[in-house]
Amino acid sequence: MSLYEESPGREWGWLRGIWAGRARVSEDFWRVYLVVVVDGEPVGMQDLIGMNFTKFGTVSTFSWLDPEVRGRGLGKEIRQAVLHLAFEGFGAREAASDAFHDNLASNRVSQTMGYEPNGVDWDTRRGEAAVINRWRLTRERWAAARRDDIELVGVAECRPVLGIGVGFSS
Ligand SMILES: CC(C)(COP(=O)(O)OP(=O)(O)OC[C@H]1O[C@@H](n2cnc3c(N)ncnc32)[C@H](O)[C@@H]1OP(=O)(O)O)[C@@H](O)C(=O)NCCC(=O)NCCS
């Protein structure tokens, strides 16, 4: 087992990945690290990742919540918020999400948001191979269930930094 599979090495590895990701911003790859704040307290993260976004208009998402606040609907809330940013703010065409087959909460969030199954893949988890469920949400399916009570702030200033130009809806 490597240093990065046990605490605190695992957390250090995660932090290093986040810091490195923040420094890597180009048209071909960006990862927006959003903080989840409840009553002024940071309780999690919601990332939006664009790989070749200007070419394909596709994004993927990743979320992590403090175990203390899980299971209260916040996971769905933050996924809806970041999808709003992707589709409404950045004009995305499609969003993807992956989760280990036994990650019931994450798979359920995707399912309830209207994502469709998009096959499976393999990844390692603490050194063990495990099946990943892949999900995809088209713009049409997002639009059919979109919310109108989410406010986006500062998106116009953010888009050019990520290489998102004209031609995308606001
Ligand atoms: C995945 C995660 C962000 C979901 O957030 P959450 O606040 O726990 O989820 P919600 O309370 O919004 O619940 C979403 C759905 O999953 C269901 N659910 C939540 N926890 C569940 C569990 N342990 N078992 C079965 N279903 C569960 C909820 O009932 C809900 O479904 P419903 O709409 O049919 O009622 C959160 O659990 C988490 O941070 N997990 C660890 C990190 C992780 O796995 N990230 C995803 C990696 S891809």
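Is Arg-141 buried, partly exposed or exposed? Select Arg-141 and see: the residue is partly exposed, with a relative accessible area of 38% (buried means under 20%, exposed over 50%, partly exposed in between, using a 1.4 Å probe and protein chains only).

Before moving on, note that this is a predicted model, where local features need pLDDT of at least 70, side-chain atom pairs count only at pLDDT 80 or more, and totals for chains, interfaces and linings use all residues. Residues are numbered from 1 along each chain as its sequence is written, and side-chain values use heavy atoms, leaving out hydrogens and water.

Glu-116 lies in strand E5 and Arg-141 in helix H5 (residues 139–144), so the pair ties together parts 25 residues apart in sequence. Helices (H or I, at least four residues) and strands (E, at least two) are DSSP runs, numbered from the N terminus.

Next, select Arg-125 and Asp-102, which form another salt bridge (2.8 Å, N to O). Arg-125 is partly exposed at 32% relative accessibility, and Asp-102 is partly exposed at 40%.

Finally, show the ligand. Select Lys-76: one of its polar side-chain atoms lies 2.4 Å from a ligand oxygen (a polar contact is a pair of N or O atoms within 3.5 Å). Then pick Gly-71, where a backbone N or O atom is 2.9 Å from an oxygen atom of the ligand.

Methods: A polar contact is a pair of N or O atoms within 3.5 Å; within protein, one must be able to donate a hydrogen and the other to accept it, and residues adjacent in sequence count only if both atoms are side-chain atoms. A salt bridge is a side-chain nitrogen of Lys or Arg within 4 Å of a carboxyl oxygen of Asp or Glu.
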